[in-house]
Amino acid sequence: MQYTGLVFRVSATWRLLLPLTLVSALVLRSSIGHAQQPPSAPSTPEIATVRINAIVTDANGRAILDLRPSDFELLENGVTRPIQGVQLRTLPKDPGPLEPITTEADEDRAARQSGTRVFAFFLDEFHVSPGPAADRARATINEFIDQNLRPQDLAVVMKPLDNVTAIRFTRDRAALHGAVDGFTGRKGDYEPRSSFEEQYIGRTPAAVSAARRQIVTAGLRELSMRMGDLQADRGVIVLVSEGFPRESIPSARSSRLPDLQSLVRASSRYHLAVYTFNPSTPGEDSASTDDRDQATVMLEWVATQTGGRAIDAGTQVSGMARLKHDLEAYYSLSYQPAQEDGRFHTLEVRAKRRDAVVHAPTGVWTPLGSEWRASILAAANPSPLSRRALRRSSLIDAWVGLIRDANGRTQMVISWEPRARGVSAPQAVAVTARLSAGTVLFDGRLGQAGSASQVPPDSARFDVSSGRVEIDMTIYNAEGKNLDTDARDFDVPDLRRQKVGPVLLAPELVRARTLRDYQSAATNPDAAPSSVRTFGRGDRLLIRVPAFDMSGAAVQVTAKVLNAMGQPMRDIDALQATPRDGVSQFGMPLSWLAPGEYQIELQAANGNGTVKQRITFKVTA
């Protein structure tokens, strides 16, 4: 974008928000942190600057273009925060000559040019009714492409089953129109149209509906990450969908499947706005009134959270016109959050001028230093969308992590625990881990973590190389009855290509219910890590922290307990006994903690830098 008027700076510090975790389409990965270079004041870690795009108009919807920094006020969680910089961004009148886009490098270069806007039209065929609604969707998007895309703009049209790694942003309007014209609504039509759908999605309406929601959610998140990789100054996703109930998707906390919140997190980090367009009228939508109302709430929630707007069939003309004007002029505000805790912080941006109306995201997700996408982004490519059906069992919690042995080899660790106890609860899980090419890495049964059983063992440990690992689990009760299945993908980063500086892998929390178990586990390098983060006050925790530096320099690891607000409570004692080289071990009884939510902050440091990571856990009576 062209910066008109003055560019105001309150602070010389200006950084883009750290990127979100690089993950596969349907799995939240374990954290891995990499050190930043030592700051000038190491005792006060620098907090990443966050960018917020704000559209300011008068009561008639006309853009206000002459505001100064003193005209703005920003509140985070209800508390005023200082604004470090304000920039007015408008479209250049003459973008100059345009170079052809023939390679991926050309695409990246074009996206970062001043004045280039990047559009992604996500046509959710799974949740658009055939007939008038689909016709309206095609006509509206084609018209927007013809009338509102400028020659310099880049765009892509994507559908749920498209491969994210294969999409290319283009200025070829004919190609865009061709993709839009091929769009058909499939809501209510559960017949498979490809071998992939036939093999992995099935035919029963309930199974198909659940799989479709997961595919759409994963596609949207991966699309937002792809746009983040482009580092476009102004990116917009236009989601064409009748929506679906948010509560129909398992929450990330309970099932570790990404829900729509993961899309909002990615949009927050890459300052992307999501505009939703529901092309169906109530009479054209075959869903029940309750489902339709919940789907509408979902579309409005996504738009509001990301600073976009929700458009429906009744407001399509004015809504698409508003989208056009929103991208023509806006203010870019930068500020530092009060803390980087990986949580959602509510935001309110105000303009002090009378009758000024501000439209901005309702909040921001602050990053954690442990979010490993930031550390390996330069050395890794985005993970491809999974081409198989992934699902999370509601019967178990599974944990997947990585360790690095003394010879630099990477090992994967898998453990599980039942969500409920009793005679009918899961007692064993058959695990098969293989490469995408089919090579089997592990095939065997596991008992639940903490059972300390030898047959079957309570965890799996095996060598892996960088790349995708497909993990399938079959869950059995005590009688050997098949209760459920679980399928997930895990993308293993190349730990040999990390930059110089401390690296933290996902810590293992080993739970012991008795002092004897605690003492035994402390010297057992294969003690199974717990897959849950809720513990009783009678439990004791062993915290095992894998850390290394590619330079070979020693890494000093420390740990402390924080309260729910992120305030330090006490240091956690390091144990002399270590399970293996490169792994620090800390011990902590939980009896001194009152029931509630807490955090463990881990820090790895040496002369090459410092990196931190936090784990949230809950203590019950």
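Modeller: Three strands form an open sheet in the order β16-β17-β20, and their pairing is antiparallel. At its edges are β16 (396-404) and β20 (460-464), each of which pairs on one side only. Direction ignored, neighbouring strands of this sheet are turned by 25° against each other on average. Keep in mind that this is a predicted model. Between β16 and strand β17 (residues 410-418) there are 9 bridges, in the antiparallel sense. To place one of them on the screen, find Asp 397: its bridge partner in β17 is Glu 417.

As background, strands of a sheet pair through backbone hydrogen bonds, either parallel or antiparallel.

A second open sheet has 4 strands, and reading across it gives the order β19-β18-β21-β22, again with antiparallel pairing. Its edge strands are β19 (440-446) and β22 (482-492), and each of these pairs on one side only. From one strand to the next, the twist averages 10°.

On one side, β18 (residues 428-435) pairs with β21 (residues 467-476) over 8 bridges, in the antiparallel sense. Val 429 stands opposite Ile 475 in β21, and Ala 430 stands opposite Thr 474 in β21. As for cover, 6 of the 8 residues of β18 are buried, which leaves the strand mostly covered.

Joining β6 to strand β12 (residues 329-335) are 7 bridges, and the two run antiparallel. Ile 83 has Tyr 335 as its bridge partner in β12.

Now the packing. The largest nonpolar core has 38 residues, and those with the most contacts inside it are Val 118, Phe 169, Leu 223 and Met 227. Helix α5 (residues 205-230) gives the most to this core, with 9 residues. Apart from it lies another core, of 28 residues, including Ile 55, Val 157, Tyr 275 and Ile 311. In general, nonpolar side chains tend to be buried together in soluble globular proteins.

Which residues does Phe 169 touch, leaving aside its neighbours within four places in sequence? Among them are Val 118, Leu 223 and Met 227, along with Glu 107, Phe 119, Ala 120 and Arg 226.

The structure holds 7 aromatic pairs. One of them is formed by Phe 121 and Phe 144, which lie edge-to-face, 6.1 Å centre to centre and with 70° between the planes. This pair links distant parts of the chain: Phe 121 is in strand β7 (residues 117-123) and Phe 144 is in helix α2 (residues 132-148), 23 residues apart. Both Phe 121 and Phe 144 are buried. Ring pairs also bring in Phe 119, so that Phe 119, Phe 121 and Phe 144 make up a cluster.

Helix α7 (residues 260-269) is mostly covered, with 9 of its 10 residues buried. Leu 260, Leu 263, Val 264 and Ala 266 are among the buried ones, but so are Arg 265 and Arg 269. The cover over the buried residues of α7 includes α5, β10 (272-278), α8 (289-306) and β15 (363-365). After α7 comes His 271, with a positive phi near 40°.

In helix α11 (residues 515-522), the buried residues are Tyr 518, Ala 521 and Ala 522. Why do they line one face of the helix? Seen down the axis of α11, they fall within an arc of 100°, so they sit along one face. Strands are part of what covers the buried residues of α11, including β24 (508-512), β26 (540-549) and β29 (583-589).

Methods: Residues numbered from 1 in each chain as written. Predicted model: local features only at pLDDT ≥ 70, side-chain atom pairs only at ≥ 80, totals over all residues. Heavy atoms only, no water. Core = buried A, V, L, I, M, F, W, Y, C linked by side-chain atoms within 4.5 Å. Buried < 20%, exposed > 50% of the residue type's maximum accessible area, 1.4 Å probe, protein only. Contact = heavy atoms within 4.5 Å. Pairing = 2+ DSSP bridges. Axes fitted to C-alpha atoms, helices over the stretch in contact; angles between N-to-C directions. Arc of directions from axis to C-beta. Phe/Tyr/Trp six-rings, centres within 6.5 Å; stacked < 30°, edge-to-face > 60°.
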